[in-house]
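Please follow the chain in the order in which the paragraphs below take it up, keeping the sequence and the structure side by side.

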Amino acid sequence: MASPAERRALLNAITTEAGAACVHLDGSRDPMTRRVGESLFTSTELLGAEKVLIDAAETTGAPHRPAEMLGAIPLRTEHHLGALAPDQRAAAEAVITSGRLLDVLVGPAGSGKTTTLAALSSFWRHGIGSVAGLAPSATAARALAESLGVPCETTAKWLHESTGDGATIRALHYADAVARKASRDYREQRAANEEHWRLRAEQDQWRFSPGQLVIVDEASLADTRTLAAIVEQARAATAKVLLVGDHLQRGSVDAGGAFGMLARRGPTAELTSLWRFANPWEARASLELRRAHPTALDAYEAHGAITSGDHDAMLDAAIDAVTSAAEHGRVAVLQAVDNRTVRELNARIRADRLTTGHVAPSGASLHDGLAAGLGDRIVTRRNHRRLTTADGFVRNGALWDVTAVLPDGSLRVRPAGHANAAPVRLPAEYVAEHVELGYATTVARTQGITVDETHTIATPGMGREDLYVAMSRGRHINRAYVVVDQGDPDCLPGQAPSSGREVLEQILATSHTEPSATETWDTYHPGRAAPLVPPVHPQQPRNPWPPQPAPHPLTAPPPPSADGPVLGR
């Protein structure tokens, strides 16, 4: 571009063209209620994906067992579901007896979702069909597999192999094998035939089967397009999908909000009892915190779970608490919402361990700019399926203890807390790009785990979902260390919070949850259906062996509500 004016003209042209290809969600909004230049847009493709989910939640005829049949097989029902608590059993039976293509199971942190899914899966496999498990992360998929006793995968891996690049490559090899079967060479024909059937069998591993229950755990973290693609595959296979999670915890980093939309529309199966917390007061307080009620803070303050002070003091206090927990044999998590604070916590702990001689001063350079030496704890930040371990492969979010630093910058590590486990060598390139110190972590990485204690650095800018996730991971102790620093009046608008209580109340008043495009449209266009025309540049399907979804009617959306009705009630 020759001049700033030309660059501005180009930018304006691109923005105008992009806006014309999108749906203006808040076009009817009063200009006086919006900031200059602020508008909400989405695509018809995303609205269509949300419509797929809405329709699936209202489509009947999916695999199930009628309620009267459960009464006709009391011994089998009692064998699989008898150990569940009343609310867990009611939720499991609601899913079993629902003929909907898509069901939603909602449960607060610590409500026993894993236990419920294990019993539900057992009943389904012994009376209806097979079970497949999916989750947004490899760590969550592994935990789900251990609970259900069936192989589980990440949603990204499933779509990659079933309709994405993995399927495309397999289709190319398949076509080549079919062509080679016409060869006059007998040995070439035989090899091509074997390759042909091997590829077909491999592709079949990435297909849902009739009667199958597809469980997607931590579904609030899955993006809308991924959930819609999975539901369409299940529809084509005459399978059933169950989304499991909590819409009041953290959401997807991609275009999300679909799980919350489905939970608010209903009907849902719900868990209500809490089993994680050792202290009854904390179970009650966590439910209030989940709903962002400021009165929840009273209970935490009364039991000494909230400390406030300046930045350095809070980091030191949290580090001391985690160190004490480790000395007493308890598993504790040190966490913050942002990577910058996590890095500072990791740097401080490593410096302390250097002083005490627990780690070697020299080490390999990591992605966070710090170093890891002998004795350090690290976290791997990317799945690497070619680095095999005793339980599969190196996963994103896995913790490791460094046992050796090799001359080329690679690390030899063992799974954290497993001194007798077989060592794994992490290549130098992987270490430099995808490994960080693992003494502290972000709140995003702790969603879905359970430990003895949590110690959280709470700062202005957190959302209520962050605070709820952070304060609900620990069985015995969950403490917040609230940073109260006087901000620079030249940088911060308004007045900085003057107390830890004020910081926490601001956090509870702030939501980072993304509403769905459909809900946003309904807010600004009540009574009008969202436009579901094809996008300006429709995407071509990538799947060489695409599922063929059966035609299904589009249904009008029900009126919005805070939370939808409950299945089976």
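D87 is found in helix α5, which covers residues 86-97; helices here are DSSP runs of H or I with at least four residues, strands are runs of E with at least two, and both are numbered from the N terminus. At 8% relative accessibility, D87 counts as buried, a class that means under 20% relative accessible area, while exposed means over 50% and partly exposed lies in between, with a 1.4 Å probe and protein chains only. When residues up to four places away in sequence are not counted, D87 touches E270, L271, T272 and S273, where contact means heavy atoms within 4.5 Å.

The model is predicted, so that local features need pLDDT of at least 70 and side-chain atom pairs count only at pLDDT 80 or more, whereas totals for chains, interfaces and linings use all residues. Residues are numbered from 1 along each chain as its sequence is written, and side-chain values use heavy atoms, with hydrogens and water left out.

T441 is another residue to look at, and its place is in strand β20, residues 441-442. Its relative accessibility is 16%, and T441 therefore counts as buried. Not counting residues up to four places away in sequence, T441 touches V333, L334, Q335, A336, V342 and T446.

T513, by contrast, lies in a loop, the one between α20 (500-508) and α21 (517-524), and because its relative accessibility is 32%, T513 counts as partly exposed. Leaving aside neighbours within four places in sequence, T513 is in contact with H247, Q249 and E465. With E465 there is also a polar contact from side chain to side chain, at 2.6 Å; such a contact is a pair of N or O atoms within 3.5 Å, of which, within protein, one must be able to donate a hydrogen and the other to accept it, and residues adjacent in sequence count only if both atoms are side-chain atoms.

D204 belongs to helix α10, residues 186-204. With 45% relative accessibility, D204 counts as partly exposed, and its side chain makes a polar contact with the side chain of R207 at 3.2 Å. Between D204 and S162 there are 42 residues of separation in sequence, yet from C-alpha to C-alpha they are 8.8 Å apart in space.

How do two helices meet? Helix α2 (residues 44-56) and helix α12 (residues 258-265) pack at an angle of about 35°, with their axes 11 Å apart; the axes are lines fitted to C-alpha atoms, for helices over the stretch in contact, and angles run from 0 to 180 degrees between N-to-C directions. On the side of α2 the contact is made by E50, L53 and I54, and on the side of α12 by A258, M261, L262 and R265. By class, this contact of α2 with α12 has five nonpolar, no polar and two charged residues.

Finally, the whole chain can be considered. The chain holds 21 helices and 22 strands. Its radius of gyration is 26 Å, close to the 25 Å that the globule rule gives for 569 residues, so the chain is as compact as a globular protein of that length; the radius is taken over C-alpha atoms, and the rule is 2.2 Å times the number of residues to the power 0.38. Along its principal axes the C-alpha trace spans about 75 × 70 × 65 Å, and buried residues make up 47% of the 569 residues.

Note on methods
Nonpolar A, V, L, I, M, F, W, Y, C, P; charged D, E, K, R; others polar.
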